[in-house]
Amino acid sequence: MSEESRDSSPDARVLRHLVKEYEAETPPQLDWDQLESRLFASLDSAAPRGRSEANGERESLLDGAELGRKSVTPAAQVQDRPSLFAAQAKAKKPPVYVYAAAAFLAAAGIFGLLAVRYRSLQQPAPTFAVKEVVDPASIPEAPGMSGYRELGALKSGDIVEASVGAVAFGQQGAVEWTLAAGSRLVVKTPMGAENVHVVELDSGSVKGRVHEQSSVRFVVTAGETEVVSFSEGAVFTVTRSSKRIVVHMEEGVATVGKRGSAEQPHRIEAPVHAALALDGVSGFEIVPTETVEASTAPKSAATTMDAAPDVAATTAKPSLPEVPSPPVSKTSAPSATTGSAPVETPVVKRGSLATATASVLACMNQARAKQREESKSDVKVTVSSTLKVSVDADGKVKGLSFSPPLAPALQNCGVSLFGTTFEPGERTELIPVQLQ
């Protein structure tokens, strides 16, 4: 029998113990011959009696013989064994007050949970304060600096966005910077707090200048990379893309490296174009001048003709028929052959992308206000995206997209850009969008 199949109940264990004791004990040795001779001797000496009396005497003799045998399990060895269940049977039940205390604690826990739940239902829904973009029109003009807003009026955490055109801030005798159209930055360390002014460039370009004899350091961060002015009179432009920044150092000296790092940053001295990845460590290079000039936008056809009037004057122009009503805006120019007779040439009206962008943003703000009215919610949510407008060489919009995508009611406002002709030159404009 295997150990796993053995019965482990108390009765089975007692029985196995008795069997082991019996096997260990030596059985008694009886003298059966002597007993037999004694039995027959007593039978022979007995007087003849009746059958019943003889049978009774035989039984009595057998009983006596049986009494002479020793018991296989002597009575002295049989002991009263204590019950294995005595301890369990005699265990006392816990008093009633223990059950009462447990029931009271359970009721108190349930009541506490219900109270917390009720209090959470009574509290109003949390509102998340969203930092609004600073309106440059609300900030006064910097004293002694025409066209610049007071830089000292900006506080830590303020967001500045050039949604339509360039925005300039400055402080006389200290620092000034200009945020290019479509760019966005956040003020990290305002003027006056320390001997340093720090801004974080989220997108686009910012051009900074440290005034002569100024001890203020102007710092531009982008990702983990920072650009720090190292000398008075430093002038540089920082442009951020999706993977790196490019620094155009026009005057003075600056350093480029990882912010908060103990490693020595890269020192750049004007005039130079330098690039570094947004991690502040990899991809540092000095961009050749040829690469910078090749990446600049080509000049428009109108500018080329203005720069070379002699070529335009010698080019023969075909006569154009008159255009019926509605009339087209025209201008008179001297004839290329006679120089006296005017020739009517049509003038193509080209819209401004900044003006068109303002109308698109106004349309989106109206659509967003309608969404807030329909939702009837007190939670303030800011919707942010970037409108990417692709313009071909003729100034026509060939594509636009929102990143990240917005609701269809908001994106439909950008469709109006397809019917307008803008300044010529193939390019891609990035327009930040932020709606409340």
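**Pocket, disulfide and backbone exceptions**

Trainee: How many nonpolar, polar and charged residues are in the lining of the largest pocket?
Mentor: The model is predicted, so local features need pLDDT of at least 70 and side-chain atom pairs pLDDT 80 or more, while totals for chains, interfaces and linings use all residues. Residues are numbered from 1 along each chain as its sequence is written, and side-chain values use heavy atoms, without hydrogens and water. Ala, Val, Leu, Ile, Met, Phe, Trp, Tyr, Cys and Pro count as nonpolar, Asp, Glu, Lys and Arg as charged, and the others, Gly among them, as polar. On that basis the lining of the largest pocket has 9 nonpolar, 16 polar and 5 charged residues.

Trainee: Which residues lie nearest the centre of the largest pocket?
Mentor: A pocket is an open set of 1 Å grid points where a 1.4 Å probe fits, with protein on both sides within 12 Å along at least five of seven lines, and lining residues have an atom within 4 Å of a point. Elements giving two or more residues to this lining are β6, β9, β10, α6, β17 and β19, where helices (H or I, at least four residues) and strands (E, at least two) are DSSP runs numbered from the N terminus. Of the 30 lining residues, those nearest the centre are G204, S205, T239, R240 and S241.

Trainee: Which residues does the disulfide join?
Mentor: A disulfide is a pair of cysteine sulfur atoms within 2.5 Å. The whole structure has 1 disulfide. At an S to S distance of 2.2 Å, its partners are C363 and C413.

Trainee: How many residues apart in sequence are the parts tied together by C363 and C413?
Mentor: C363 lies in helix α9 (353-375), and C413 in the loop between α10 (408-411) and β19 (427-435). The pair therefore ties together parts whose separation in sequence is 50 residues.

Trainee: Is C413 buried or exposed?
Mentor: Buried means under 20% relative accessible area, exposed over 50%, and partly exposed in between (1.4 Å probe, protein chains only). C363 has 32% and is partly exposed. At 7%, C413 is buried.

Trainee: What is the phi of Q213?
Mentor: Q213 sits in the loop between β6 (196-210) and β7 (217-222), and is exposed at 74% relative accessibility. Although Q213 is not a glycine, its phi is positive, at about 60 degrees.
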